[in-house]
Amino acid sequence: MLAQTRELDAKDWVKTRSSLNASESTFLVWKGKIYAFIPGEKRKLLFKILGMSVSRCIEIEPGVWDFTSRELNYYLDPETEEKLNKWENPWTGETVPVMHVANNPVQGTFKGKFPAQVEGESTTFVFDIFPTYPNPLAGNPKFAEYSPQEIYQAAELFKLTVPTQDLSNSALNSVSEVKLSWDRIGQWLPWMKMSDRPGQLIYSAIGGKVNGFSELPQLFQDEINNRVPLYKEAPQSALDVEDMTSWLYFQEHFDAYLAGEVFPKPAA
């Protein structure tokens, strides 16, 4: 049976991505790999990754929700799967600090209709996103070795599959299960110090929701308990600040990077 495209209400997407209950934080986790994709070279596995998002949705008017979240994404040794604090660049031979993702906040507004592929017991939301905007590091000579490109450009391909019956079950604030698929094509990360070398990063990851902090991977429980307790909960409301990105975080913490500090920076 082929999936049928249906227009679903925003509340169905809220139940999928977060929760209709504004008093609770919802955790989404993922794991995967990052490859280097360079013209004329074989693919090279650079890192394994482990990520999480803690989110909240607040209904600000009927059918309209503020979405607010915080994200961590750690780069792991591809063999031992241990968190990397230093990385030896195989192309330049230079060892550089690893700047893990610590995006606070990541926000948006959910309203209107959301197309989904409904196939019997499963419903899949598909989002193909192609962010393109001026690189905040471009034009500054001190970042020339790190990210000189004038434009930031990437592709983010998401698929979230949930039980169809959960969406129509008014007793549930959040679906019982999410199967996440996330693929990404992106530029070299600034902390890799690749300058304008040709090539891209290919991300391939899977994941899903977990039932609370205690079900997070142990690495995140340890990091949040000891270094970044801010990431134990989503913001109580949407924050009146710009969304954080890896490029802005690198700009903000460049001096700490040069000093070889451990990332993410502690966040109380």
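What follows is a chat about the fold, core and selected residues of a predicted model.

Visitor: What kind of model is this, and how are residues numbered?
Guide: The model is predicted: local features need pLDDT of at least 70, side-chain atom pairs count only at pLDDT 80 or more, and totals for chains, interfaces and linings use all residues. Numbering starts from 1 along each chain as its sequence is written, and side-chain values use heavy atoms, with hydrogens and water left out.

Visitor: How many helices and strands does the chain have?
Guide: Five helices and 14 strands. These are DSSP runs numbered from the N terminus, helices being H or I with at least four residues and strands E with at least two.

Visitor: What is the radius of gyration?
Guide: The chain has 19 Å, which agrees with the value near 18 Å that a compact globule of 268 residues would have. The radius is taken over C-alpha atoms, and the globule rule is 2.2 Å times the number of residues to the power 0.38. Along the principal axes, the C-alpha atoms fill a box of roughly 55 × 45 × 35 Å.

Visitor: What share of the residues is buried?
Guide: Of the 268 residues, 47% count as buried. Buried means under 20% relative accessible area, exposed over 50%, and partly exposed in between, with a 1.4 Å probe and protein chains only.

Visitor: Which residues touch the most other members of the largest nonpolar core?
Guide: Y75, W191 and M192, in a core of 74 residues. Strand β3 (residues 44–61) gives the most to this core, with seven residues. Such a core is a set of buried Ala, Val, Leu, Ile, Met, Phe, Trp, Tyr and Cys residues joined through side-chain atoms within 4.5 Å.

Visitor: What is W191 in contact with?
Guide: Leaving aside neighbours within four places in sequence, the contacts of W191 include F47, Y75, W87, M99 and F250. Contact means heavy atoms within 4.5 Å.

Visitor: And K193, buried or exposed?
Guide: K193 is buried, with a relative accessible area of 17%. K193 sits in the loop between β13 (179–186) and β14 (200–210). The side chains of K193 and E94 are joined by a polar contact of 3.1 Å. A polar contact is a pair of N or O atoms within 3.5 Å; within protein, one must be able to donate a hydrogen and the other to accept it, and residues adjacent in sequence count only if both atoms are side-chain atoms.

Visitor: Where is Y152?
Guide: Y152 is in strand β11 (residues 151–153) and counts as buried at 5% relative accessibility. The Y152 side chain makes a polar contact of 2.5 Å with the side chain of R184. The C-alpha atoms of Y152 and N135, 17 residues apart along the chain, are separated by 4.9 Å.

Visitor: Changing topic: how many aromatic pairs are there?
Guide: The structure holds 29. Rings of Phe, Tyr and Trp (its six-membered ring) pair if their centres lie within 6.5 Å; planes under 30 degrees apart count as stacked, over 60 as edge-to-face and the rest as tilted. W91 and W188 form a tilted pair, 5.8 Å centre to centre with 50° between the planes. W91 lies in the loop between β5 (86–88) and β6 (95–97) and W188 in the loop between β13 and β14, so the pair ties together parts that are 97 residues apart in sequence.

Visitor: Which residues form one aromatic cluster?
Guide: W13, F67, F110, F114, F125 and F127.
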